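Here's a quick tour of a protein chain and its ligand. Have the structure open as you read, and we'll go from the overall picture down to single residues.

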Amino acid sequence: MSFINFAKYMEKDFFWHGIGLKVNQTGNISQSDIFIQSSKNKKMKNSMKLILMLVAVLTFSTTIMAQNKSEPWVIPAKYKAMKSTIKANDPSVMTVGKELYNKHCKSCHGTKGYGDGPKSASMKTEIRPLNDKAFLAQTDGEIYYQSFVGRDEMPNFEKKILDEEDRWAVVQFMRTLK
Ligand code: HEC
């Protein structure tokens, strides 16, 4: 039983009237307002305290996890199979790719792709490194989707980088980051 289901289940229980939970749209517990109602029964009061402590710990860890961990990307098949329209290792491609990366991406992803650009500090989502095995193991199409369609805090660049070859140049350039 997940914590959310547990919370819903408990809602029906009379214990729950002493505990107020705020669940945001994404299903994460963003804040918990906890208060203890006075109870005549001492035994019940103690077990309620125990439950409250458990809830506090769970809420805390859920919040931390929600801030740091990013979900795996779900890439539509159409994008996954996309093939680069340009040749890698072409020096002029690298020049264009680097220029565009520095202009549009570096501020968050950092000069070397570690996700340590100046704007990264204000991001709630973890930015994975662009220079490790996990990143390089992806197909060009997967990287293309992440880079130009994006999601949530990763901006959409379809209107900012229009040229198809320019987009592939950025993908190729990112593959050379060390
Ligand atoms: C405003 C900050 C910001 C800018 C600018 C930005 N990104 Fe991102 N990018 C992110 C964040 C945050 C994530 C993680 C998003 C997630 O996992 O939901 C991300 C994820 C990615 C990923 C997938 C790696 C991962 O962390 O899962 C790629 C590839 C990527 N960005 C490429 C680019 C490219 C290419 C550009 C420039 C054209 C760019 N980004 C500009 C913030 C940014």
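The protein chain has a mean pLDDT of 81, with 70% of its residues reaching 70 or more; pLDDT is the predictor's confidence in each residue, from 0 to 100. A contact here means two residues whose C-beta atoms, placed from the backbone, lie within 7 Å. Where pLDDT is low, the predicted coordinates should not be read in detail.

Some housekeeping: this is a predicted model, in which local features need pLDDT of at least 70 and side-chain atom pairs count only at pLDDT 80 or more, while totals for chains, interfaces and linings use all residues. Residues are numbered from 1 along each chain as its sequence is written.

## The overall layout

The protein chain contains eight helices and two strands, and from the N terminus on the elements run α-β-β-α-α-α-α-α-α-α. Helices (H or I, at least four residues) and strands (E, at least two) are DSSP runs, numbered from the N terminus.

Of the 178 residues, 15% count as buried. The burial classes go by other C-beta atoms within 10 Å of a residue's own, all placed from the backbone: 20 or more is buried, 12 or fewer is exposed, and in between is partly exposed. Among contacts between residues at least 6 apart in sequence, 55% join residues at least 24 apart.

## Around the ligand

The ligand is surrounded by 21 residues, and the closest are Ser70, Cys105, Cys108, Arg128 and Met154. Near means that a residue's C-beta atom, placed from the backbone, lies within 6 Å of the molecule. Helix H5 (106-109) and helix H7 (140-149) each supply at least two residues of this shell.

By type, the shell divides into nine nonpolar, seven polar and five charged residues. For those labels, Ala, Val, Leu, Ile, Met, Phe, Trp, Tyr, Cys and Pro count as nonpolar, Asp, Glu, Lys and Arg as charged, and the others, Gly among them, as polar.

## H4 against H8

Helix H4 (residues 91-104) packs on helix H8 (residues 164-175) at an angle of about 90°, with the axes 7 Å apart. Axes are lines fitted to C-alpha atoms, for helices over the stretch in contact, and angles run from 0 to 180 degrees between N-to-C directions. That makes H4 roughly perpendicular to H8, the label for angles of 65 to 115 degrees. The residues of this contact divide into nine nonpolar, two polar and two charged. On the H4 side they include Val93, Met94 and Val96, which meet H8 residues including Asp166, Ala169 and Phe173.

Met94 lies in H4 and counts as partly exposed, with 15 C-beta neighbours inside 10 Å. Leaving out residues up to four places away in sequence, Met94 touches Phe173 and Thr176. Met94 and Thr176 are 82 residues apart in sequence but 8.9 Å apart in space, C-alpha to C-alpha.

Ile143, Tyr144, Tyr145, Gln146, Ser147 and Phe148 are buried in H7. The buried residues of H7 pack against helix H3 (77-80) and H8.

Just after H7, Gly150 takes a positive phi of about 70°. Asp152, in the loop between H7 and H8, has a phi near 45°, a positive value in a residue other than glycine. Asp152 is exposed, with 11 other C-beta atoms within 10 Å.

Key: Angles under 35 degrees count as roughly parallel, over 145 as roughly antiparallel, 65 to 115 as roughly perpendicular and the rest as oblique.
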